[in-house]
Amino acid sequence: MRRIYESRALERGDEPFTPSKADDDKNSRRTINWDAFSHAFMPKALRNRAIDVSVTTNRDTYELGEPVRIGVEFRNRIPFPVRLRTESPNVWTWAVDGFEAASQVPRDVPDRLDAFSFSRSERKRFRREWPQRIQVEPGEWESVDTGTYTIEVAIACENAEERGLTDRTEIEIRD
């Protein structure tokens, strides 16, 4: 008795629901780019509200010189894919008291647009560690003093604050 996989019974090409080699092609007419679809048909205000941005630290108070562990999370709150256009290939940024990536030195980032894409209900998590120093020159860092510092995270898009695509938290450094 021949087994089904030894026969040609599964190789029918006349049935409309049988996958074909053309269906494997990314540009197939049956394939939908859901990121592009949602970007084209979902209003910008809804896309902004769909993404939740949060930044946390493992504690609120740190000893002077102790590294600060930073957790960043971006979450798509809706069950549809969402894509946000960004002003940079670095789709999100973090800053300490307004210094991006804890640095006074401007970063060389290509001047081109990009996109931050989320699958439906997707969470993206990142970790950073701030050693309580600010870069003042290339290769030169200065330790910070005791006090209160604000750590901020934002999606790299125009008017991120107004669009609700930022979050911040404060920490205290004690001696």
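Me: What stands opposite L84 in β7?
Reply: F116 does. This is a predicted model, where local features need pLDDT of at least 70, side-chain atom pairs count only at pLDDT 80 or more, and totals for chains, interfaces and linings use all residues. Residues are numbered from 1 along each chain as its sequence is written, and side-chain values use heavy atoms, with hydrogens and water left out.

Me: How do β4 and β7 pair, and over how many bridges?
Reply: Antiparallel, over five bridges, with β7 covering residues 114-118. Strands here are DSSP runs of E, at least two residues, numbered from the N terminus, and two of them pair if DSSP finds at least two bridges between them.

Me: Why is β4 largely enclosed?
Reply: Four of the five residues in β4 (82-86) are buried, so the rest of the structure largely encloses it. Buried means under 20% relative accessible area, using a 1.4 Å probe and protein chains only.

Me: How many bridges join β3 to β8?
Reply: Eight, with β3 spanning residues 68-76. One of the facing pairs is R69 with E129 in β8.

Me: And S103, where is that?
Reply: S103 is in the loop between β6 (99-100) and β7. S103 counts as buried, at 9% relative accessibility.

Technical notes: Buried < 20%, exposed > 50% of the residue type's maximum accessible area, 1.4 Å probe, protein only.
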